[in-house]
Structure formats: structure tokens, C-alpha cells
Amino acid sequence: MEISGIISAIVIGIIIGVLGRLVVPGRQHIGILWTIVVGIVAAFIGAGIASAFGVADTKGPDWIEWFIQIAVAAVGVAALDRVKVRR
């Protein structure tokens, strides 16, 4: 992976994390850095899931891949929020 690929993965991860956080109802008790980390991880996991289903490379925007990544980020934000609240 080239440096431009890593940088674009981080930028997309930030966007995915913020969108995933917006999808989760209520107030989350995690910081923006955790949101970014969850978004980056969700972007990689979502891309893997999309590749497994064969919807990662389509003509035009990969909307299905984005929806999968946002859903994974929402689950990650909600799970991390529950862990943070219990502490």
C-alpha cells in the first residue's frame, strides 16, 4: 500500500466514523479520536465485507460499500460507547 492509499484510507475513515456516529441515536460518550479510529477500522472491515460479496468494485460510486462501512462504524461506535459508559 502506498502512502497516498494510507492517507486516503485515513480520510475516508474519518468520514465513515463521523457518519457512523450520526447514525447512532442519542449522545455518545466517546471522543472524536475514538470516532476516527472506529471509522478507519470500519472502512477496512467494510471494504473486506464488500469484496467478499462482490460489490466492492462497481461502475460509478460504490454506494453499497459505503453503506456497509457506515453500518460497521455505527455498530463500532455503539459498542465502544457501551464499554465507555460501563467504566
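User: Before that, what kind of model is it, and how are things counted?

Analyst: This is a predicted model, in which local features need pLDDT of at least 70 and side-chain atom pairs count only at pLDDT 80 or more, while totals for chains, interfaces and linings use all residues. Residues are numbered from 1 along each chain as its sequence is written, and side-chain values use heavy atoms, with hydrogens and water left out.

User: What is the average pLDDT of the protein?

Analyst: The average is 84, and 95% of the residues score at least 70, where pLDDT is the predictor's confidence in each residue, from 0 to 100.

User: And where is confidence lowest and highest?

Analyst: Confidence is lowest in α1, with a mean of 83, and highest in α2, at 88. These labels come from DSSP runs numbered from the N terminus, with helices being H or I over at least four residues and strands being E over at least two.

User: Why does the end-to-end distance of α2 agree with its number of residues?

Analyst: Helix α2 covers residues 32-53, and because each of its 22 residues counts for 1.5 Å, it should span 32 Å, which agrees with the 31 Å between its end C-alpha atoms. The expected span is 1.5 Å times one less than the number of residues.

User: How about α3, what span should it have?

Analyst: Helix α3 has 24 residues, 63-86, and should span 34 Å at 1.5 Å a residue, and its end C-alpha atoms are 35 Å apart, which agrees.

User: Which residues of α2 are buried?

Analyst: In α2 the buried residues are T35, V38, G39, I40, A42, A43, G46 and A50, where buried means under 20% relative accessible area, exposed means over 50% and partly exposed lies in between, with a 1.4 Å probe and protein chains only. After α2 comes G54, which has a positive phi near 75°.

User: And which ones are buried in α3?

Analyst: In α3 they are E65, Q69, I70, A73, A74, V77, L80 and D81. E65 counts as buried because its relative accessibility is 13%, and its C-alpha atom is 21 Å from that of A79, 14 residues away along the chain.

User: Is R86 buried or exposed?

Analyst: R86, which is in helix α3, counts as exposed because its relative accessibility is 72%.

User: Switching topic, which residues make the nonpolar surface patch?

Analyst: The patch of about 940 Å² is made by I6, I7, I10, V11, I14, I15, V18, L19, L22, I32 and L33. Its largest share, 9 residues, comes from α1, although α1 (3-23) and α2 each supply at least two.

User: How accessible are I7 and I10, then?

Analyst: I10 counts as partly exposed because its relative accessibility is 37%, and I7 is partly exposed too, with a relative accessible area of 48%.

User: What about G20?

Analyst: G20 is in helix α1 and counts as buried because its relative accessibility is 0%. Its C-alpha atom is 9.1 Å from that of A42, which is 22 residues away along the chain.

User: Last one, where does UniProt place the feature "transmembrane region"?

Analyst: The unreviewed UniProt entry places the feature at residues 6-24, 31-54 and 66-83, and such annotations may be inferred rather than shown by experiment. In the model, residues 31-54 are 92% helix and 0% strand, with end C-alpha atoms 34 Å apart, while residues 66-83 are 100% helix and 0% strand, with end C-alpha atoms 26 Å apart.

How values were computed:
Patch = residues over 30% accessible without salt bridge, like charges linked within 9 Å, V, L, I, M, F, W, Y side chains within 5 Å. Areas by Shrake-Rupley, 256 points an atom, 1.4 Å probe, with all protein chains shown as cover. Salt bridge = Lys/Arg side-chain N within 4 Å of Asp/Glu carboxyl O.
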